[in-house]
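Hi,

Here is the structure I promised to pass on. Have a look at it first, and then read my notes below.

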2 protein chains.
Amino acid sequence: MTDSPLIWERPEPTERRRPSPLSRERIVRAAIDLADADGLDAVSLRKVAGALDAGPMRLYRYVDTKDELLTLMVDAAYAEVPAPAGATWDAVLRSIATGIRGVALRHEWFAELLGGRPHLGPATLAHGEASLTALRSTGLDDLGTVTGALAALNVYVIGAVRKEVAERRAQRASGLDQRQWQHATAPYLLRMFATGDYPAMEEWVHDAPHLQADEVFELGLTYLLEGIRSSLGT
Amino acid sequence: MTDSPLIWERPEPTERRRPSPLSRERIVRAAIDLADADGLDAVSLRKVAGALDAGPMRLYRYVDTKDELLTLMVDAAYAEVPAPAGATWDAVLRSIATGIRGVALRHEWFAELLGGRPHLGPATLAHGEASLTALRSTGLDDLGTVTGALAALNVYVIGAVRKEVAERRAQRASGLDQRQWQHATAPYLLRMFATGDYPAMEEWVHDAPHLQADEVFELGLTYLLEGIRSSLGT
DNA sequence: CCTCTCTCGATACAGTGTATTGATTTATAC
DNA sequence: GTATAAATCAATACACTGTATCGAGAGAGG
C-alpha cells in the first residue's frame, strides 16, 4: 500500500513547460463542461485533453486514472452546494437536501456519479462539516440520531436525485417533449394493465394525484424529517 | 417512433438452427452469472456470447442493445425479491425494503443499476403491484400518501443500497479485510482533521457510535416509516 | 430440386482507458 | 557555459468495447 493513495493528498505537479499551462482544476473544469454539454459518456480522456489542446497522455501527470477525474468532478460539484441555511435543524437539513438536488439538476452527471463510490474530497468533507455544525447548533445533540439522520438524508437525496435525473434523461431521449414521452410509455403501460395482472396499479394510475418531481422530493423529505423529529421526542 | 420500442413487448425470436438453442432467459442468466462473478464491468456482449458458445452478433437477435440486456437483468433481479409480508402497512413496507436490499447484497450489480434508468419490466411491475395491494389491504388508503410513501421508500432503498454496495466494493478493492480498509482511509481522514478545518466531524468520528450497515439501513427506514405514519395522523 | 427468406459469423469501425517508449525539453552540477 | 542527469511529453500500441455491415449458408415453401 503506497503512502498517498488518495488523490486529495497527492501534490499537484508544477508546470515547467511553457505552452498551455495545465492544472488539475483546468482539467476538471474541462471535463465538467464536456459532461454538462454532452453527458457523462462524452467525458473521455481524449476529449478532455483535446479541449485543452493537449495529448491524452498528458493528463496522466495530474490524474492517475479516469475514476480519479470523476471523483474530482464530484468534489467540484459538491463545492457548488450552497451553505445550508435555516433556523431549525430540520430547516437546515431541508436546505442541504434541496441544495444538492439543485446541483444535480444543473449537472446531471453529478446525479449519475453520486453514491457510486465513497467520496472524501475536501469539498465533500466541508459540506459534511457544515451540515454537522448546523445540526449541532440548532439543538440536535444526540449523536446516534445525528448519525442516523445524516445518513438517511444523504441516502434519500442520492436515490431521489438519481431516479429523477434518470427519468428526465429517458424522457429526453425518447423524443423531445413530455407529451411524446407520455405517448410512448403510456400505451405500453395500458397494454400491461389490460392483461389484468396489475389491478392495483391500474386503479392507482387512474386515481392518484399527479405530482410534480419537486413535490415528490419535498414530500419524501417531509416524511423523513418528521420521522427523525418524532424519534427525538421533540 | 416504432410500434414496440420496449423490449418487454418485443416477441422473443424462435430458434430454427439446431446447435445451442438460445433464449433471452439463457442470455440474461449468463450475463447475471458473469456479473455476479466478476462485476458489472465484466459483462460484455462478447463475454456473454462466449459463455454461451456463440458469436457476439448472435445476441442481437434477442436484444437490440446492451442497455436492454442490463434492463432485463434488473427485471430478473426484481423477480428475486420475496413477496412482501407483514400484518401492518409499515411492516409490509419494511419487508419490501429489506427484500430489495437482500437482492442487492447478493447481486451487487443490481445496486449499481438500480435507479439508473426507469424500469418497467413485468417483474418490476409485479413487485409494484404487490407493494400496492399489500399497502391498500392493511389500511393505508389515502392515495396521495400511498404515492408519496412508495416513492420515498423506493428512493431511499435505491440510495441506501447503492451507497452501501459502493462502500463495500471500495473496501474490497483496497486490500481484503475491514481492518486494512480502516488502516487505509483512517490516516487520511486523521490528516484532514489535523488541519483543523473539520472540528465537528472530528468530534463526531470520535464520539459517535459505530453502527453496522444493516443498523443504519433499518434506522433510516424507521425514520421514514415513522414520518409517513405521523403524516397519516394514525 | 429450386428459390427465397432468414440467420449467423466474420469482418470492420470508431471509440475507450492506459502501458510503454523514445525523443525532447528542462534543471542541475561542474 | 557546457555536460550530464532528470523530468515530461507525444506517439505508438494493446486489448478491449458496442455495434453496422455484409457475404455465406441453412431452413422452409413450392
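A word on terms before anything else: the domain bounds I use come from an automatic or database domain assignment. For chain A, that assignment gives domain 1 (7-77) and domain 2 (83-232). Do keep in mind that this is a predicted model.

Let me start inside chain A. The C-alpha centres of its two domains are 29 Å apart, and each domain puts 11 residues into the contact between them. On the domain 1 side of chain A, α1 (24-38) and α3 (66-78) each supply at least two residues, with α3(A) giving the most, six residues. By class, that side has seven nonpolar, two polar and two charged residues.

One record to mention: an unreviewed UniProt entry annotates residues 44-63 of chain A as "DNA-binding region". Over that stretch of chain A, the chain is 35% helix and 0% strand, and its end C-alpha atoms lie 13 Å apart.

Now for the pair. Chain A superposes on chain B by a rotation of 180° with 0.0 Å of shift along the axis (RMSD 0.0 Å), which is the relation of a two-fold axis. The same surface serves both copies, as 96% of the contact residues of chain A recur in chain B.

How many residues of chain A are in contact with chain B? There are 56, and they meet 56 residues of chain B.

Cheers

Conventions:
Residues numbered from 1 in each chain as written. Chains lettered and ligands numbered in written order. Predicted model: local features only at pLDDT ≥ 70, side-chain atom pairs only at ≥ 80, totals over all residues. Least-squares fit on C-alpha atoms with pLDDT ≥ 70 in both. Contact = placed C-beta atoms within 7 Å. UniProt positions renumbered as here; feature names shortened; annotations may be inferred. Helix = DSSP H or I, 4+ residues; strand = E, 2+ residues; numbered from the N terminus. Nonpolar A, V, L, I, M, F, W, Y, C, P; charged D, E, K, R; others polar.
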